[in-house]
Amino acid sequence: MDSLQLFLDRFRARGEAETIWLKEIFGFISEHLCPELSEPAPLAADDAVTGVCADQLSVCLVRKLQENMAVTHVLPVSYRPVSVSGLLSLQHLACVSNPSWTTNQQRAWEKEAELSLPGHLALPRVNLLLIGCLREGPAGEWRLTDASGSVRCECLSPSPLWLNRPVFLPHWNYIPHNAPGQNQEVRGYVELIGSPALLCPDLEQGLAARPGEGAGLSRAVGVREAAGLLDNRTRGQRISVFGLVGSVCPQLVVAGTTFFCFWLTDESHTVRVLVKDISRQWWTQCVYVGLSVCVTALRVCVLRGWRGNNILCVTEQSELHTNYTHTDTLLDTPPPLVMSHVDNEDCEEVEPETDKAGLRMKKSRVISYQGTVTQVVSDGAGLYVIDRKVGLCLAYQPATRRKLRAGDSVELHHVHFLYRPCPDFPPSMLCTCLRSSLRVTAFSRVGGAPPPDSAGLPRLLLEKNTGVSEYLWTCHVSSQLAHSLVPSLLKQQSVSALSWKLMESVWRRGRGGRRDIYSEMLDEPHTCPLSQYSTDPAVHQYLSVSVLIGSLHSECWSSVSLSSLLPPGGSSLSRSQLNTALAWSCRTLTSALRDGPRTGDALGRRPLLVGLLELPTPTSEPTVQLRDATGAVACVVTETSREGGQRAAFNTAWIGCLVCVEQFTMVTERFLQSDFPSYQHLNQDKVYLQFSLDHLHILSPSVAMATHLGQRGEELGGDVTERKQTVEEEEMEGATTAGRKRRKASVTVTTGPVGGGFRPCVSLVIRVEQKEGVVQKVQGVGLTHCFSVRAAVVGPVVSWGRDPKNGPVTDRETETEREDKVVLVLSGGSARWFPLLQPGCFYRLTAPNTQDPSVLIGRGVSGQGGVELHTDPTLQVRSNWRLHTLTRQPLQALSPTVLSVSEVLDSRSDMVCFQARVCDRISLSDRTSSTAAGVCAGVRLTVWDQTGRTLQVYLDLSHTLYPSGLLPGNTLLLSGFQRRVSRSGGVYCRSLPVSCVTVMSLGDTSSVRPPPAPMMHLGVWAVGREQSGIVGRVRGHVVCFLFLQLQWSCSLCGSLYLQTCSSSQCPSTSSVFQSKAKLVIDDGTGEAHVWFSGALVPPLLGLADSKWEGLQRALRVRGHVRVYPRGRSLVCDSDDPLLHFLLCLCSSDVVCRQLSLTCRKPNQQRSEEMKRFSRGERDFMTRVTPPLQLTCLHLEAV
Ligand SMILES: [Zn+2]
Ligand SMILES: [Zn+2]
């Protein structure tokens, strides 16, 4: 009778199905398991195993299955045995198998799994039986093998006794590996839950004692004795040690050698055991903290890497006995204390210390912890969340073979507890180092593989070894950059390198010290890179462009109260003054100066931007743009000129650079078209950035920037070491530059201006002399931008075999005597060059794909009737032509004549070009027409220079693009402006269509204060002609009050208001309280008449708010009062109590006192005039020089 029949007879099958199933089982065992067992394998050489034949194994398997089943009298015919290769090739979804489950048990299991991790689905059940042999794989892996192949097997606490045994897995998960391009061997793995069922019953009893083992065990010594033996090393001695496992360090591969260490402890002593033998690496899965073990045949070795200390080493003869109980001693060491939650109250540790570099450093605590992984933040970066609120970082350990999954229960020993190392992560963080043990105690029941992400960061961490706070920040930024730069600007592979570079430049960190792996694993007391960490709650926060713009837009109106937009004393403004004051306002936020985090605010921490610098698009405003994949933002940019000092950006090499902007000002201009007191208003806002290019970090330079930096390096004496890296890393255009060493770029920008290569082109070197403003012109169906520059032609048109870009100027490009002029007209696509073409700078204009020099020669402009006009020749710049700034100037640049405010005031010319700082701006809105600039039809700027003289500049914005950066505090270059004199003789400027406004340097727009006004003596001020328009400080005594007027005025027309407006046609229903005063001040050198109005009047009169309000109420009925303290009113109306009060007040010591005033002298003073004096009964007429008239701007009591 054959063995199949014997087997079938053993189980009396009920029906056809069971017979077929039994035959299948028998066939499977014969085909897949028996050949595997007959192969010579280290332990399987036992006769017991090789002698087993298919029928015995099959009987054993069916018995085990029946033992496992809830219903024992039926066979699990729905379960099919699957070969290892079948599982790997056919099973593409994660799954679970457990033949013993009833349907109800399975549903309960599913429900529990899904309740514990909402949003995840429990693993689906498959009816598959896994049978094979557990074997030792490479580098400590356990593998389930059969004749068809093998699969990695993860076990929770495997016993050494399972190895090389035929087994049936009663409960397992299969996790396929979804990453493409991997070979079959690593394509998936099996998670073994519980113990496998050994398929040789007779073996189970005989396992305990094997020949040769008893001797090792019986001579085993405790840890204390072993520690003693370590100090007195005897050559050739082998010892067996028993104890509790105190630590298990992660497995390391150093220079091709795989090893790990574990600690054995008793109540008082510790010994370290080094497992270097390749055939014992499988122990990594068997030993875990708290397990009692006995290890035999250990040898005392000197570990050179660990400062020559002695250590116990595992030998080829060593055996591991787990759950070991020594006959004499009971190991009653209490299990290590394990935390399962973290109280926030416990977490605030001592105040961080500040180290030498000024960093706030904290010390971490070492704890043990157990919990459940609830989120996989980034597998590649080794970041997880446990119990929904504790972060876990595994990056300081080598990557584990099995990636943690959400739902895994883990036990961590000797793990560092950090509190708030990085604000982008949970406050409580657990971080593992080379001393820490991570053990999975239960496999997750849910599926869903995390998306594959870049594993580049732990590699960089290994190379550069930075602190954990820095690493966490980099990981967070990396995940954000992956969204905001990939794929349109960057390749996925570049993100890690870019984030790292960003961290190094923002945190100003270089490479950390080398890690000493043996000290970290074996030293007591323990130190490692995680022992200390820096804390900075205000660390930079990366924002994508769209998030930044969005939050600026949303905050600009929510953060504003209308009254805050009004000047002091806003309550006395008339309707038109009020609406004008509200029409424009701006909110500026600087990136650097934030007072620590504010909650619920996207801009709470110091923001950081990353993007590509670009020229404007044909539809956007003519400024440089910062763009990422989420959006673009306009930028008003300046840079340091060759001579030092700020000026408008001029270097075209910036275009195409991927940069990090760390210091910048976020500007939100608010336009409010209001018609208060009626409640109609229309608000708009405009968001942009202001920064100096000097503060950028170049993350990936453009080719032109690399050339520029190379040239600058040469200029600075050939020291290009600092820049070398940048040059090597640029690969943006893929152009091969001769003679330059190239390496694989670490940061590669995927798009950018394309050009270069071996294409012919012609070029012309020019020096821009004058730039006109951008105007909008109707072309075809839409509007197009257009501007022109007047330039000097420095040399002849030169043809090239390859685009010279911004390379150094060659001699043949400058070899002409005579300098011709040319007018370049840039419209449509070529208008994008507007933000970078600046007067005084040299550019190379190149026309690609041609060798014809005539394309770059300007043509005369034909006037009407073909008459050639005597103007400079004109050249229309085509949209594919490029301009490159030549920072190494071929000639001395002639700076255009730029005047100061004082020079403009004193000038006689009609057209002026001047530079000045803005101190005030108001909107001039044109309510009758909607303009191209939206609600802002015009602007009046008040500008000043160092001397304190001011000038008003009127800009008509109805036909030009609304310019950014016209903010108080900024310095502007205003060219092509018309200088005019008003009817009263004051000088002002107004824009013409050719006018151009350029922001030259950025001021602190948040606190604009004119320069401290100079101290003036009234005697000098009265006679100085050139000092008109200027603001000065005066310290003097109030001689007398000349005039005081208090009045309720109509807010609409300004007439007197008593219940209604006194003007008959006026429909107004609102009034404002207005006040005016004039008095005589004497400072010892002379006298002046000073006007006070609005908010300056109550402090001048020494009246508190309550008294001032009382005065307003008292005037409600009569509407107004005028007081001439030195005039007739003193005599006439002295019985009026209010008048009497005011008269007394004006002549009291409260008012007639010492004052410090800041005053402006109006541009035009009255000239000599006739005046009537009364002396007694007689009047005299005399010609007098009128007293100096001043307007008070600010008042201070002395
Ligand atoms: Zn550590
Ligand atoms: Zn009125």
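Guide: One term before we start. A residue is buried under 20% relative accessible area, exposed over 50%, and partly exposed in between. Also, this is a predicted model.

Visitor: Okay. How many salt bridges are there?
Guide: The count comes to 26 salt bridges.

Visitor: Show me one. What does Glu-112 form a salt bridge with?
Guide: Its partner is Arg-445. The closest N and O atoms are 3.5 Å apart.

Visitor: Where do Glu-112 and Arg-445 lie?
Guide: Glu-112 is in helix 6, residues 103-116. Arg-445 is in the loop between strand 24 (437-442) and helix 12 (456-464). So the pair ties together parts that are 333 residues apart in sequence.

Visitor: And is Arg-445 buried or partly exposed?
Guide: Partly exposed, because its relative accessible area is 30%, and buried means under 20%. Glu-112 is partly exposed too, at 49% relative accessibility.

Visitor: Next one. How far apart are N and O in the salt bridge of Arg-402 and Glu-191?
Guide: That distance is 2.8 Å. Arg-402 sits in the loop between strand 21 (390-393) and strand 22 (409-419). Glu-191 belongs to strand 8, residues 188-192. The pair therefore ties together parts that are 211 residues apart in sequence.

Visitor: Are those two buried or exposed?
Guide: Arg-402 is buried, and so is Glu-191.

Visitor: Which residues do salt bridges that share partners join into one network?
Guide: Arg-767, Glu-769, Arg-790, Lys-821 and Asp-872.

Visitor: New topic: rings. How many aromatic pairs are there in the whole structure?
Guide: A search of the whole structure finds 19 aromatic pairs. Take Phe-259 and Tyr-518, which form a stacked pair. Their centres are 5.9 Å apart, with 15° between the planes.

Visitor: Why does that count as stacked?
Guide: Because planes under 30 degrees apart count as stacked, and this pair has 15° between its planes.

Visitor: Where do those two sit?
Guide: Phe-259 is in strand 12 (residues 257-265), and Tyr-518 is in helix 15 (residues 517-522). They are 259 residues apart, so the pair links distant parts of the chain. Phe-259 is buried, with a relative accessible area of 3%. Tyr-518 counts as buried as well, at 15%.

Visitor: What about Phe-671 and Tyr-962?
Guide: Their ring centres are 5.3 Å apart and their planes are at 85°, so the pair is edge-to-face. This pair also links distant parts of the chain, 291 residues apart. Phe-671 is in strand 33 (residues 665-674). Tyr-962 is in the loop between strand 46 (950-956) and strand 47 (971-981). Both residues are buried.

Visitor: Which residues do ring pairs link into a cluster?
Guide: Phe-7, Phe-11 and Phe-26.

Visitor: Last thing: the surface. Which residues form a positive surface patch?
Guide: Arg-233, Arg-235, Arg-238 and Arg-299.

Visitor: Where is Arg-299?
Guide: In strand 14, residues 292-303. Arg-299 is partly exposed, with a relative accessible area of 37%.

Key. Residues numbered from 1 in each chain as written. Chains lettered and ligands numbered in written order. Predicted model: local features only at pLDDT ≥ 70, side-chain atom pairs only at ≥ 80, totals over all residues. Heavy atoms only, no water. Patch = residues over 30% accessible without salt bridge, like charges linked within 9 Å, V, L, I, M, F, W, Y side chains within 5 Å. Areas by Shrake-Rupley, 256 points an atom, 1.4 Å probe, with all protein chains shown as cover. Salt bridge = Lys/Arg side-chain N within 4 Å of Asp/Glu carboxyl O. Lys, Arg positive; Asp, Glu negative; His and termini not counted. Charge placed at Lys NZ, Arg CZ, Asp CG, Glu CD. Helix = DSSP H or I, 4+ residues; strand = E, 2+ residues; numbered from the N terminus. Buried < 20%, exposed > 50% of the residue type's maximum accessible area, 1.4 Å probe, protein only. Phe/Tyr/Trp six-rings, centres within 6.5 Å; stacked < 30°, edge-to-face > 60°.
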